[in-house]
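Let's walk through a few local features of this model together. Keep the viewer open and follow along.

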Amino acid sequence: ELRGNASARSIRRIPAERGLIYDRDGESLAFNTLQYRAGVSPNLVADPRRLATELALILERDEFELYQILTADSNWEIVDQRPIQAEQGQAIADLDEISLTLDPIPRRFYPQGALAGHIIGFVIDEGLQGAMGVEGAYNDTLVGRMLDQTVSNIPFDLPEEAPTDQRGQDIVLTIDRDIQFWVETELLLAINETGATRGTIIVMDPRNGDILAMASQPEFDPNNFADIEDPDLLRNPAITDIYEPGSVMKVLTIASALEKGTITPDWTYNDQGRLELGGVVIENWDNNAYGVVDVAQILIKSLNIGATNVALEMGTEAFYSMMRTFGLGQKTGIDLYNEESGIIKVPGDSDWSESDLGTNSFGQGVSVTPIQMITAFA
């Protein structure tokens, strides 16, 4: 509120009702509740001792502290620095005390708790600014139109009616709440069983790219984001963490060569267990040689030399062109806040060498995000 010292009226900035967030089936993932801030005009308090006693019971505050506020030498004081819950606000309103004012404070509530917390994000500044997730990426859509309202500092003046056309727009996600719950449960079980410290699962419909679930551990509850001491826990690893994909990359290498017509499913090569490329010796993961191998066996046995031979057959231009077509080294464009691009060196870069063609073909020397890999596979 912007209050003038000698003015009987002031301008109150009214935040719009923030748009709601739903899953694909209309289940609520984020809605709004109200808290209040109580103020008092001490010069209008007829019986400060009685009022201090009543407010102390409602707010669970020290009666003497409240008495000092109610008898202050000022035109207006905040009764409690903490937001007042809806039930307490109603109890204060029921006192029918002309010296008291109640200003609404919108609060965002996430009924599913920590479920999909990384996806949804949270809001700060009393619901005015989305941070992380959908709340951050779609803040301008959700926040609506803030308006200024002229209000009187005299309690028995009637306030102006708040406008109703400023509400933010609702958003429906592709997320399925039930699948999200199942995935989060399975991820937590896997982490506990393996002793891992973190993990990510994404479920995508390959027909249209819809993300049905996106879960990461450690998780956080957006209702209590302010309690998180490590800000890294608020990031969504599915779109911000990069890692070397390793042998799953062989699927993209084989698919690229088949797409380009460089090889057919019947193509074979002679696996001798070692291959020198650009001054680097490439070996299979088990250091074995496999002799004549076809395309399927490259994937079944996860052969580094096989993937390298396929990449050599394609050549650098075709290989890296297809990697870019698959989306490596660039953002997928998912509408979440703070997506990373990943890293893939290409010919012409100062740090690229011929050996990178081989190591990149089986997922080393390249960095991706989980969302990039599932998008490529889908």
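## Helices H9 and H12

Met249, Leu252, Thr253, Ser256, Glu259 and Lys260 of H9 are in contact with Ala318, Phe319, Met322 and Met323 of H12; contact here means heavy atoms within 4.5 Å. Sorted by type, the residues of this contact are 6 nonpolar, 2 polar and 2 charged. Ala, Val, Leu, Ile, Met, Phe, Trp, Tyr, Cys and Pro count as nonpolar, Asp, Glu, Lys and Arg as charged, and the others, Gly among them, as polar. Helices (H or I, at least four residues) and strands (E, at least two) are DSSP runs, numbered from the N terminus.

A word on the source: this is a predicted model, in which local features need pLDDT of at least 70 and side-chain atom pairs count only at pLDDT 80 or more, while totals for chains, interfaces and linings use all residues. Residues are numbered from 1 along each chain as its sequence is written, and side-chain values use heavy atoms, with hydrogens and water left out.

The axes of H9 and H12 lie 10 Å apart, at an angle of about 115°. That makes H9 roughly perpendicular to H12. Axes are lines fitted to C-alpha atoms, for helices over the stretch in contact, and angles run from 0 to 180 degrees between N-to-C directions; under 35 degrees counts as roughly parallel, over 145 as roughly antiparallel, 65 to 115 as roughly perpendicular and the rest as oblique. The crossing of H9 and H12 is right-handed, meaning that the near helix is turned clockwise from the far one by less than a right angle.

Within H12 (residues 316-325), Ala318, Phe319, Tyr320, Met322 and Met323 are buried. Buried is under 20% relative accessible area, exposed over 50%, and partly exposed in between (1.4 Å probe, protein chains only). The cover over these buried residues includes helix H9 (249-260), helix H11 (304-314), strand S16 (343-344) and helix H13 (354-361). Just after H12 comes Gly327, with a positive phi of about 100°.

H13 is itself mostly covered, with 7 of its 8 residues buried. They are Ser355, Asp356, Leu357, Gly358, Thr359, Asn360 and Ser361. Gly363 follows H13 and has a positive phi near 85°.

Helix H1 (residues 48-59) and helix H3 (residues 86-94) have axes that come within 10 Å and cross at roughly 160°. This makes H1 roughly antiparallel to H3. Leu55, Ile58 and Leu59 of H1 make the contact with Gln88, Ala91 and Ile92 of H3. Those residues divide into 5 nonpolar, 1 polar and no charged. H1 passes H3 in a right-handed crossing.

## Backbone features in the loops

Most residues other than glycine have a negative phi, and most peptide bonds are trans. Met132, in the loop between strand S7 (129-131) and helix H5 (133-137), has a positive phi near 65° and is buried at 16% relative accessibility. Ser302, in the loop between helix H10 (295-300) and H11, has a positive phi of about 55° and is buried too, with a relative accessible area of 19%.

The peptide bond from Gln217 to Pro218 is cis, with omega near 0°. Pro218 sits in the loop between strand S11 (211-217) and helix H8 (237-240).

## Pro111 and its partners

Which residues does Pro111 contact, leaving aside neighbours within four places in sequence? They are Ser28, Leu29, Ala30 and Phe31. Pro111 and Phe31 are 80 residues apart in sequence, with their C-alpha atoms 7.9 Å apart in space. Pro111 belongs to the loop between strand S5 (100-109) and helix H4 (117-120), and is partly exposed at 33% relative accessible area.
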